[in-house]
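Please keep the sequence and the model in view while reading.

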Amino acid sequence: MSSYFGMFHFVVEGILLIIFGIFGVIGNVLCVVWFSRKKVQRSFHHLMMALAVFDSLYVLLSIILFSLPSVYDRIMEYHWFNQMFPALLPFAQIGLTGSIYLTLSIAIERYTTVCHPFFKFSHSWSAIFYIIPISMFSVLYNIPKFYEHVTVVNTTTVDGPDGDPVNITMTVMKPTPLRKNEIYVKIYLIILNLLVHGIIPLLLLTILNIVVYRQIHKMCSEGESAADGYIHHKEIKLAQVSLVIVGVFITCHAIRWVPNLWELKNLQEDNDKGEEWPAWVDYTTSLSHLLTVFSSSVNFYIYTYKHLQSK
């Protein structure tokens with residue numbers, strides 16, 4: 001299993017994640033440039049730019065934290081990488097949290113625009129109303145992540161070639177007492193993360209997507225004049241873009257919680273009889289890293305495709 005998983009890990013988290021990540025960063029940069037040059041600036045455009053920033057943060061750090069060790073495992077022996085890893089991991093989580101809730105904010109913005117246009121036009125909310133609270137929440141929620149790992153320098157004395165003692169210094173990462181605390185692991189890392197990063201946003205996104213889809217379908221079935229009576233055609237097009245983005249997001253992020261659900265189930269059982277970490281969980285974890293990066297990489301390409309398709 002180890003050799004097969006090693007190849008799977010190398011291809012999925014090494015090669016494919018880097019490829020998707022590079023295209024993702026390029027797409028997110030183009031997203032910021034494209035929407036910043038729009039003559040008519042909508043809240044949707046500002047939210048897409050903010051989403052591109054958080055997505056780029058997560059994608060870049062995923063390449064550093066997950067892909068580099070996959071393609072070059074000896075990097076874990078370098079002092080600079082072990083020093084950098086505990087500091088960068090929380091920022092990756094900040095990027096992920098921001099990405100999740102900015103995607104939700106786009107879905108909410110499209111929902112109010114399509115399903116309640118008169119309320120939207122009479123209550124003109126700036127995108128800042130979403131961006132600032134989400135940015136603050138993303139940082140505050142992930143503060144404990146900065147205290148989960150620490151870099152330790154170990155010095156070992158061994159016999160040299162000539163018999164004289166030689167000191168060998170190695171830098172390694174170790175979990176802090178906080179990270180090893182069972183209550184912290186169960187409450188924050190599993191249950192709270194499952195709710196905050198999983199159940200709550202995925203449930204809301206699913207409901208909003210269904211409602212918006214039905215409303216757009218109703219407008220289109222009533223004819224172009226009826227749609228124009230409710231809402232501008234361009235707003236409907238942006239809502240369709242949002243539907244695809246959210247659909248990809250739900251599909252890619254859903255698999256991320258399979259290992260966590262298994263771990264939560266295992267924690268509910270007797271700790272002394274806890275199951276060994278199964279192989280399928282390792283495969284699922286690697287695949288979830290790739291799919292999450294993919295989700296954070298395709299938003300601008302989805303917009304471009306729908307934009308060209310509507311012409």
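The side chains of Glu148 and Arg179 meet in a salt bridge, with N to O at 3.9 Å, where a salt bridge is a side-chain nitrogen of Lys or Arg within 4 Å of a carboxyl oxygen of Asp or Glu. This is a predicted model, in which local features need pLDDT of at least 70 and side-chain atom pairs count only at pLDDT 80 or more, while totals for chains, interfaces and linings use all residues. Residues are numbered from 1 along each chain as its sequence is written, and side-chain values use heavy atoms, with hydrogens and water left out.

**Salt bridges**

- Glu148 is buried at a relative accessible area of 3%, whereas Arg179 is partly exposed at 29% (buried means under 20% relative accessible area, exposed over 50%, partly exposed in between, with a 1.4 Å probe and protein chains only).
- Salt bridges that share partners join Lys145, Glu148 and Arg179 into one network, and in the salt bridge of Lys145 with Glu148 the closest N and O atoms are 3.7 Å apart.
- Glu109 and Arg110 also meet through their side chains in a salt bridge, at 2.7 Å from N to O; Glu109 is buried at 2% relative accessibility, and Arg110 is buried with a relative accessible area of 1%.
- By this rule, the count of salt bridges comes to three.

**Helix packing**

- The axes of helix α2 (residues 43–71) and helix α3 (residues 79–115) come within 8 Å and cross at roughly 150 degrees, the axes being lines fitted to C-alpha atoms over the stretch in contact, with angles from 0 to 180 degrees between N-to-C directions.
- α2 and α3 are therefore roughly antiparallel to each other (angles over 145 degrees count as roughly antiparallel, under 35 as roughly parallel, 65 to 115 as roughly perpendicular and the rest as oblique).
- The axes of α3 and α5 come within 9 Å and also cross at roughly 150 degrees, and these helices are therefore roughly antiparallel to each other.
- The contact of α3 with α5 (heavy atoms within 4.5 Å) includes Ile94, Tyr101 and Glu109 of α3 and Tyr130, Ile134 and Phe137 of α5.

Conventions: Helix = DSSP H or I, 4+ residues; strand = E, 2+ residues; numbered from the N terminus.
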